[in-house]
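Reader: Please take one part of this model and go through it closely. I would like the cut-offs stated along with the values.

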Amino acid sequence: GLIEEKPVSYLDNTDVLPLKKDLFTADAIVFKDLQSTSITLKSNKTPHGLKVRFGGFPYMGLWSTKQADFVCIEPWCGIADSVNSNGQLENKEGIEVIKSDELFERSYSIEVF
């Protein structure tokens, strides 16, 4: 459940991630430093799919359970600790510090087609 220090590259020279049941065997896939504000899930077998728009979220989590017939698409504002974390909340990657009189809002949309 911890974030590895050395990133695994899933999208070298492509913007397509083929989904297979064994893709999530080790854990969730967490995308950082996003250059996109949307993700589309579609199949070559049907014209139907969905598009999640998530501007304002610095992380994207993709996960599934073992051998499941679904995938979870979750825009995240924070992530799990790294393997080298010192356990201090104020040093946690992605932590948002909000003053008592401030408002923190994020939203995403899901388009089904």
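Author: Lys-32 has a relative accessible area of 34% and therefore counts as partly exposed (buried is under 20%, exposed over 50%, partly exposed in between, with a 1.4 Å probe and protein chains only). The model is predicted, so local features need pLDDT of at least 70 and side-chain atom pairs pLDDT 80 or more, while totals for chains, interfaces and linings use all residues. Residues are numbered from 1 along each chain as its sequence is written, and side-chain values use heavy atoms, without hydrogens or water.

The side chain of Lys-32 forms a salt bridge with that of Glu-93, at 3.0 Å from N to O (the term requires a side-chain nitrogen of Lys or Arg within 4 Å of a carboxyl oxygen of Asp or Glu). This pair links distant parts of the chain, 61 residues apart: Lys-32 is in the loop between strand 1 and strand 2 (38-42), and Glu-93 in the loop between strand 5 and strand 6. Strands here are DSSP runs of E with at least two residues, numbered from the N terminus. Glu-93 is also partly exposed, at 36%.

A search of the whole structure finds four salt bridges. Another of them joins Asp-69 to Lys-21, with 2.7 Å between the closest N and O atoms. Asp-69 sits in the loop between strand 4 and strand 5 and Lys-21 in the segment before strand 1, so the contact ties together parts 48 residues apart in sequence. Asp-69 is exposed at 71%, whereas Lys-21 is partly exposed at 41%.

Asp-81 and Lys-92 form a salt bridge as well, their closest N and O atoms lying 3.0 Å apart. Both residues belong to the loop between strand 5 and strand 6, so this bridge ties together parts eleven residues apart. Asp-81 is partly exposed at 28%, and so is Lys-92 at 25%.

Some of the strands named above belong to an open sheet of three strands, with the order 1-4-5 and antiparallel pairing (two strands pair if DSSP finds at least two bridges between them). Its edge strands, each pairing on one side only, are strand 1 (29-31) and strand 5 (72-76). Strand 1 pairs with strand 4 (residues 59-63) over three bridges, and Ile-29 has Leu-62 in strand 4 as its bridge partner.

Definitions and conventions: Helix = DSSP H or I, 4+ residues; strand = E, 2+ residues; numbered from the N terminus.
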